[in-house]
Amino acid sequence: MSSGTAGRKGWLSERVPLDLEALKVYSNEPVPNHLARWWWCLGGTPALLFVVQVVTGILLTFYYVPSPASAYESVRRITHDIPYGWYLRSLHRWSSHFMIVAVWLHMMRVFFTGAYRRPRELNWMIGMGLLGVTLLFGFTGYSLLYEQISYWGITVATNLTEAVPWLGTHLARLLRGGDAVGDHTLTRFFIFHIGVLPTAITILLALHILLVRLHGVTPFEFARDRARPQGHKTYPFYPDHVLIEVIMGIGLVILLSCLAILFPAGLGEPANPLRTPAHIKPEWYFFWTFRWLKLVGLTASVLSIGAVALLAFVWPFVDAWIRRRRPGSELSVWIGASAVLCLLGLTVWEALAAH
Ligand code: HEM
């Protein structure tokens with residue numbers, strides 16, 4: 001090593017006195033073999049997609065104008081006039097869809113493998129927060145387009161919030177910045193989308209990963225691993241697992257780019273607050289709520305969805321209670337499978353229905 005390099009190293013370590021050896025030991029923690037498969041390490045996928053969202057989102061913000069008079073026109077400019085604007089917008093949009101799918105899949109993996117059980121109950125609850133924030137990202141982002149369907153989507157959603165017992169009117173006013181969707185609504189949704197939600201997801205993610213790190217991932221032993229000697233049942237987080245995630249990240253960006261080129265994000269007609277469209281539809285990930293609303297009515301749908309969300313939030317404790325009363329019971333699997341089928345059924349129903 002030249003004396004120049006040694007000097008620079010010394011200069012940096014003097015100013016940033018990190019214990020690199022301790023850091024190496026900490027980041028090299030062995031992870032169980034099953035985490036090398038995508039289904040098992042699915043949590044990394046929404047994290048990678050979130051990075052794509054942040055990068056493309058910041059670039060889009062350079063040109064997006066969050067005012068009712070200019071929002072639509074600014075999106076039109078990004079799509080048609082700004083170099084590569086269509087590509088960034090399409091990446092941002094496709095990546096948002098993928099992120100929502102990845103979060104649901106990760107949640108299903110955790111649920112059906114019972115990885116939320118003691119002592120990981122709290123991390124499940126933080127995960128529920130992450131699911132909520134991810135869905136809110138989708139909702140607020142779609143509303144920013146200020147096209148006819150997205151505008152009326154905000155109207156329906158804020159009407160839904162009004163049906164929340166006690167808090168409803170205040171909540172709806174807080175979101176809309178008044179009694180009806182108007183000038184302040186878009187500014188608020190924009191602040192949520194680029195400020196409040198990114199802050200919330202960063203805090204929740206940091207806590208989530210910290211707990212994963214403190215507990216380690218739930219160990220599962222597969223038949224093929226049982227025969228292996230102890231030292232071969234795990235592999236190092238760094239560089240092996242990091243490399244798997246990097247390869248997945250590159251694969252995802254290639255796939256998203258292909259989708260962006262083949263199916264670029266379009267733009268409907270501009271919002272017209274004076275003309276209600278004949279058929280209002282939210283984005284596909286809210287189809288299930290919309291179909292449920294049509295089936296049971298406004299108040300019943302808000303109350304029942306709230307109750308189901310609360311049950312999902314405290315599920316690890318409900319499950320522990322069931323297992324204490326009926327040890328070895330498979331009830332949780334049946335409940336989980338029924339919930340997935342209901343969500344999928346309502347989503348497909350709404351997708352196929354003309355209105
Ligand atoms: C932005 C969303 C999310 C990200 C980036 C994320 C990230 C991760 C990562 C990287 C892991 C390590 C193991 C793995 O990859 O599966 C993990 C584990 C875990 N996640 Fe998430 N997660 C998210 C959402 C959720 C949701 C919605 C839930 C459930 C409601 C959840 C519950 C859990 C639990 C309980 C574990 C521990 C699993 C184990 O020990 O095997 N997460 N998460």
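Modeller: Let me begin with proline 239, which has its place in helix H11. Please keep in mind throughout that this is a predicted model.

Colleague: Where does proline 119 lie?

Modeller: Proline 119 is joined to arginine 118 by a cis peptide bond, with omega at about 10 degrees. As for its place in the chain, proline 119 is in the loop between H5 and H6.

Colleague: Is tyrosine 146 buried or exposed?

Modeller: Tyrosine 146 sits in the loop between H6 and H7, and its phi is positive, about 55 degrees, although the residue is not a glycine. Leaving aside neighbours within four places in sequence, its contacts are Pro68, Ala71, Tyr72, Tyr151, Leu186, Pro270 and Ala271. A residue is classed as buried once 20 or more other C-beta atoms lie within 10 Å of its own. Because tyrosine 146 has 23 C-beta neighbours inside 10 Å, it counts as buried.

Colleague: And is tryptophan 166 buried or exposed?

Modeller: Tryptophan 166 is likewise a residue other than glycine with a positive phi, here near 60 degrees, and its place is the loop between H7 and helix H8 (168-176). The exposed class takes residues with 12 or fewer such neighbours. Since tryptophan 166 has 7 C-beta neighbours inside 10 Å, it counts as exposed.

**The nonpolar cores**

Colleague: Which element supplies the largest share of the largest nonpolar core?

Modeller: The largest nonpolar core has 44 residues, of which Leu49, Met99, Leu144 and Tyr146 touch the most other members. At least two residues of this core come from each of H3, helix H4 (71-80), H5, H6, helix H7 (148-162), H9 and helix H11 (237-262). The largest share, 10 residues, is supplied by H5.

Colleague: How many residues are in the other core that lies apart from it?

Modeller: That other core includes Phe286, Phe290, Trp292 and Leu293.

**The shell around the ligand**

Colleague: Which helix gives the largest share of the shell around the ligand?

Modeller: The ligand is surrounded by 25 residues, with Gly43, Ala115, Gly127, Leu131 and Thr218 the closest. Two or more residues of this shell come from each of helix H3 (44-61), helix H5 (85-112), helix H6 (121-143) and helix H9 (183-215). The largest share, 7 residues, comes from H6.

Colleague: How many residues of that shell are charged?

Modeller: By residue type, the shell around the ligand divides into 16 nonpolar and 8 polar residues, with the charged class still to be named. The number of charged residues is 1.

Colleague: Which element gives the most to the side of domain 1 that touches domain 2?

Modeller: The chain is divided into domain 1 (28-280) and domain 2 (283-355), whose C-alpha centres lie 20 Å apart. Their contact takes 18 residues from domain 1 and 16 residues from domain 2. On the domain 1 side, the elements that give two or more residues are H5 and H6. The most, 7 residues, is given by H6.

Colleague: How many residues on that side of domain 1 are nonpolar?

Modeller: The side of domain 1 that touches domain 2 includes 2 polar and 3 charged residues. The nonpolar residues on that side number 13.

Methods
Residues numbered from 1 in each chain as written. Predicted model: local features only at pLDDT ≥ 70, side-chain atom pairs only at ≥ 80, totals over all residues. Near = placed C-beta within 6 Å. Helix = DSSP H or I, 4+ residues; strand = E, 2+ residues; numbered from the N terminus. Nonpolar A, V, L, I, M, F, W, Y, C, P; charged D, E, K, R; others polar. Domains from an automatic or database assignment. Contact = placed C-beta atoms within 7 Å. Core = buried A, V, L, I, M, F, W, Y, C linked by C-beta atoms within 7 Å.
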